[in-house]
Amino acid sequence: MRRLIAVSVVDAQKIAEVRRHHLAALAYEVEARGLRWRLAAPEESVLCVLNPVSRQRAMVVATPAGDGWSYLWTGGGIAPVSQVAEVADQLVRLLV
């Protein structure tokens, strides 16, 4: 059985804005730790993080989860967006 979910254009725009806000917050944190970043994909929906020394990369998305938002990143990482500093620390360790 298929379920259809209706999402208005206004809701989709709001979701995109909130997603970019959370990714920008994480970009600030990873940059403060010496990593490079760029927003990519349609509507800047993916944060690409690079360790300039090791050249290792990770992709991060922010997605609605339950009553809030979570970050998901390469290697199976997941954490609430309220833990942005901890996520940045985990990305530093991942990209060594």
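L91 touches L26, V30, L35, V49, A58, V60 and W73, with residues up to four places away in sequence left out of the tally; contact here means heavy atoms within 4.5 Å. The model is a predicted one, so to speak of local features a pLDDT of at least 70 is needed, and side-chain atom pairs count only at pLDDT 80 or more, while totals for chains, interfaces and linings use all residues. Residues are numbered from 1 along each chain as its sequence is written, and side-chain values use heavy atoms, with hydrogens and water left out.

On to the overall layout. The chain holds two helices and five strands, taken as DSSP runs numbered from the N terminus (H or I and at least four residues for helices, E and at least two for strands). Their order along the sequence is α-β-β-β-β-β-α. Of the 96 residues, 33% are buried, where buried means under 20% relative accessible area, exposed over 50% and partly exposed in between (1.4 Å probe, protein chains only). The chain's accessible surface is about 6,400 Å², and carbon and sulfur atoms own 55% of that; the areas come from the Shrake-Rupley method with a 1.4 Å probe, and for residues only the protein chains shown count as cover. Among contacts with a separation of 6 or more, 38% are between residues 24 or more positions apart.

Back to the inside. In soluble globular proteins, nonpolar side chains tend to be buried together. Within α2, the buried residues are V84, V87, A88 and L91. They line one face of the helix, because seen down the axis of α2 they fall within an arc of 100°, the arc being that of the directions from the helix axis to the C-beta atoms.

S70 sits in strand β4 and counts as buried, at 11% relative accessibility. Neighbours within four places in sequence aside, S70 is in contact with V61, A62, T63, A65, I78, A79, P80 and V81. L50 belongs to strand β2 and is likewise buried, with a relative accessible area of 12%. With neighbours within four places again set aside, the contacts of L50 are L35, R36, R55, Q56, R57 and L95. The C-alpha atoms of L50 and E31 lie 9.7 Å apart, the two residues being 19 residues apart along the chain.

As for charge pairs, a salt bridge is a side-chain nitrogen of Lys or Arg within 4 Å of a carboxyl oxygen of Asp or Glu, and by this rule there are two. One joins the side chains of R33 and E29 (2.7 Å, N to O). E29 is buried at 18% relative accessibility, whereas R33 is partly exposed at 28%. The other joins R33 and D89 (2.6 Å, N to O). This pair links distant parts of the chain, with R33 in the loop between α1 (9-32) and β1 (36-40) and D89 in helix α2 (residues 84-94), 56 residues apart. D89 is partly exposed, with a relative accessible area of 32%. Through shared partners, the salt bridges join E29, R33 and D89 into one network.
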